[in-house]
Amino acid sequence: MSHDNIRNFSIIAHIDHGKSTLADRLLEYTGALTAREMQDQFLDKMDLERERGITIKAQTVRLNYTADNGKDYILNLIDTPGHVDFTYEVSRSLAACEGGLLVVDASQGVEAQTLANVYLALDINLEVFPVLNKIDLPAAEPERVIQEIEDIIGIDAHDAVLASAKEGIGTREILEEIVKKIPPPKGDQDAPLKALLFDSWYDQYQGVIILVRIFDGTLKKGDKIQLMSTNRSYEALKVGVFAPVMREVPSLSVGEVGFVIAGIKDVADAKVGDTVTLLHRQCNKAMEGFKEVKPMVFSGLYPIDTAQYEQLRDALAKLKLNDSSFSFEPETSVALGFGFRCGFLGLLHMEIIQERLEREFSLDLITTAPTVVYRVHRTDSTMIEIESAAKMPEPQHIDYMEEPFILAHIHVPNDFVGPVIALCVEKRGVQREIKYLTPTRVMIIYELPLNEIVLDFYDRLKSISKGYASLDYEHLDFRRSDLVRMNVMINGEIVDALSLIVHKEKAYYRGRALVSKMKELISRQMFEVAIQAAIGNKVIARETVKAMRKDVLAKCYGGDITRKRKLLEKQKEGKKRMKNVGNVELPQEAFLAILKVED
Ligand SMILES: Nc1nc2c(ncn2[C@@H]2O[C@H](COP(=O)(O)OP(=O)(O)OP(=O)(O)O)[C@@H](O)[C@H]2O)c(=O)[nH]1
C-alpha cells in the first residue's frame, strides 16, 4: 500500500505568533470543523491554556485535503506544547513528523523559542518551510522577517507563504506547500510493528489514551502490543484517529498517526518517546531518543486550612493521572504542618499546577520557594538526592555537593547584551558563546546553575531587556559546588519551610536581603518579631518588625458596630493567605520572599 498520500507535520511557532489560530484555519478549510465549532479554538482545550494563551498538551488531528493536482491527501497535524519546560515532549512530537511549518509573526520576527524548536526539527532532518503570519498587521515587515529567517535559521525563505490566520489569508497556499514540500512517510509495511508513542493522557471514561505514529508494520484492533521501555504488554482494545473527534478505524499502518486504547492503567506506564511493537512479533530496535523525564524543580504545597489536607491529596492524585512528569510525596513541616513536596519539569509547569489546584479544586495553598535537586555525597561515600533544604544532612556528614546546570540560549537585541551578560555573571554563569546572528540580534549562550534560574532569573532578564529577551534552556549536568543551608528564624525558632540551600559566596548577601524583604512583608503584630538568617549556629542577618502600637479596633470610635464589622471582615479577607507560624502570622509572600531578593 502506498503512503504517498500521507503528510505528517507540526507547526513550530513562538508563543503568540498564531499557531493555534492557524491550526483552526486548516481544520476549518479542510472541513474538519464547522464555523460554529470554530468559535473556540479547537486545539487548545483547557481553559487555563486558553486564558494564558499557551498550549500545554499536544493534540493531533487528521485532515482530508484534495490538492490542486486533484489527488486526495491525509494530513496529520501534530501539535506540540509551546513552552521551554516541555522540550522533550516537543522533540518526540517532531519525531513523529516528516515536516514542519515554521510560523513567524511578520511584525515580530524570529524569537529564541522558535529557534530552539526549529533546530530540534532540523536536527532530525524534518523539511521545514516558513509561513509569515499576521501580515494583516500594519506593523508587519515581511521582507525584513524573511531576511531574518534566512540569516538566523539558514533556511530558504524567499518564497515563504504570506498569511493571516486571523483573516484566513494564505490557508490554501499553506496546504499546497504541505503537500508539495513535505515528503511522504517511509516504512516497511511487512516488517514487525514499530510505532512511536508521542503523547499520552488519562481519560476518565476510557483510561489511558496513547497517540502513536507508525513507522513499520500495522497495528490492528485486538493486537497484543508491547511497550519496549517497560516490557509490559496490553491488548489494543480500540484503534482510531482524531478527525478531529475520536473515530475508530480497523487498523493503522505505515505513516499513519492515531490513538490506541489498551487498558493501560497509569499514564506513567505510557511514556512519551517509547516504542510500541507487537508482543509476538517484536521489532528488533526501539525508536531512538527515548528519555525518562524527571521533575527538576520542587516546591512544598501546604493547605492553609489543615482540614483541606485530604482534599489536596486527592487533587494532586487527579492531576498526576494526566501528567506523569509531575510528582508529589507527603512532607511534614514544623511550621506549615502536613503538606506535599511536589516536583515539576520547570517553573511554568509549577505555576500551572498550583493555579489548577486553587482554581479547579478550590484549595487555598501556601507554597514554598522553588528549589532544585541537589546531590549530596556523604562522608560514608554514599550519595543521596535531596530536593529540599530540610533534607540536607549536617555539614560534618557531607563530603561534597553537586547542583544541576543548564545550558541557556538567550536571544536579545544588541542594546541589551551588556546587562544580560552582567546578569549571567551575577548568577554564576559560565560563558559559552556570544553570537551575532544579525548586526542587531545576539544569541548569548551561558551555562548556569538551575538553582539561580528558578529564583528570579527570568523576571530579571525580562526587566533588564525591556521584555525583549527570550530564554530557553536544556539540562546539562551536575557540578560540584560550595553550598550551604541557610535557616530563617522567627523569634528565635527555625522555620523549616523557609530554609534554603544557597551558594556559600552568596549566603551573606542573600541572608541580609532576605530578612529585610521579609520585614517589609510581615505586618506588625501585637509583639515584636525578630527575623534572623543563620548558617549553622551563626546568625548572619537580623531585622525586627516593631510591635503594633494600637489595636486596629481602636480606630472605630466606640460603638459603631457596622464599621467595626466591616473592618474585621476586611481583615479576614486579607488573612486568606496567611499561616500562623508559632504565634506569628506570616503571609504567603513571606514564604516566597527569596524570589524577590536581588543580588
Ligand atoms: N492580527 C492578527 N492576529 C493574529 C493572527 N493570527 C493570530 N493572531 C492573534 O495572535 C494571538 C496569538 O494567537 P494564538 O493562535 O493563540 O498563538 P499561539 O502561537 O497558538 O500561542 P501558543 O498556543 O501559546 O503557542 C491571538 O490573540 C490571535 O488572535 C493574524 O494573522 N493576524
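The structure is a predicted model, in which local features need pLDDT of at least 70, side-chain atom pairs count only at pLDDT 80 or more, and totals for chains, interfaces and linings use all residues. Residues are numbered from 1 along each chain as its sequence is written. Helices (H or I, at least four residues) and strands (E, at least two) are DSSP runs, numbered from the N terminus.

**Six-strand sheet**

- An open sheet of 6 strands has the order β2-β3-β1-β4-β5-β6, and its pairing is mixed; two strands count as paired if DSSP finds at least two bridges between them.
- The edge strands of this sheet are β2 and β6 (161-162), each of which pairs on one side only.
- Strands β4 and β5 run parallel and are joined by 7 bridges.

- Helix α1 (residues 19-29) has 9 of its 11 residues buried, so it is largely enclosed by the rest of the structure.
- A residue is buried if 20 or more other C-beta atoms lie within 10 Å of its own, exposed if 12 or fewer, and partly exposed in between, with C-beta atoms placed from the backbone.
- The buried residues of α1 are K19, S20, T21, L22, A23, D24, R25, L26 and L27.
- Their cover includes β1 (6-13), β2 (60-66), β3 (72-78), β4 (99-105), β5 and α6 (171-181).
- Helix α1 lies across β1, β2, β3, β4 and β5, and runs at about 155° to β1.
- Angles run from 0 to 180 degrees between N-to-C directions, and axes are lines fitted to C-alpha atoms, for helices over the stretch in contact.
- G31 follows α1 and has a positive phi, near 80°.

**Packing of α1 with α6**

- The axes of α1 and α6 are 10 Å apart, and the helices pack at an angle of about 85°.
- That angle makes α1 roughly perpendicular to α6; angles under 35 degrees count as roughly parallel, over 145 as roughly antiparallel, 65 to 115 as roughly perpendicular and the rest as oblique.
- R25, L26 and Y29 in α1 meet T171, R172 and L175 in α6, where contact requires C-beta atoms, placed from the backbone, to lie within 7 Å.
- By class, the contact of α1 with α6 has 3 nonpolar, 1 polar and 2 charged residues.
- Ala, Val, Leu, Ile, Met, Phe, Trp, Tyr, Cys and Pro count as nonpolar, Asp, Glu, Lys and Arg as charged, and the others, Gly among them, as polar.

**Packing of α9 with α10**

- Helix α9 (residues 417-426) and helix α10 (residues 450-464) have axes that come within 10 Å and cross at roughly 160°.
- That angle makes α9 roughly antiparallel to α10.
- The crossing of α9 past α10 is right-handed; a crossing is right-handed if the near helix is turned clockwise from the far one by less than a right angle, and left-handed if anticlockwise.
- P419, V420 and L423 of α9 make the contact with R460, L461 and I464 of α10.
- By class, the contact of α9 with α10 has 5 nonpolar, no polar and 1 charged residues.

**Eight-strand sheet**

- A further open sheet has 8 strands in the order β11-β10-β16-β7-β8-β15-β12-β13, with antiparallel pairing.
- Its edge strands are β11 (232-235) and β13 (246-248), each pairing on one side only.
- The twist from one strand to the next averages 40°.
- Strand β7 (residues 194-203) pairs with strand β16 (residues 275-278) over 2 bridges in the antiparallel sense, and A195 stands opposite V276 in β16.
- Strand β10 (residues 224-227) pairs with β11 over 4 bridges, also antiparallel, and Q226 stands opposite S233 in β11.
- The hairpin formed by β10 and β11 has 4 residues between the strands, and N231 in the turn has a positive phi of about 60°.

**Positive phi in loops**

- Most residues other than glycine have a negative phi.
- K134 has a positive phi, near 65°, and is found in the loop between β5 (127-133) and α5 (142-153).
- K134 is buried, with 25 other C-beta atoms within 10 Å.
- S381 has a positive phi, near 55°, and lies in the loop between β22 (374-378) and β23 (383-386).
- S381 is exposed, with 7 other C-beta atoms within 10 Å.

Key:
Two residues are in contact if their C-beta atoms, placed from the backbone, lie within 7 Å.
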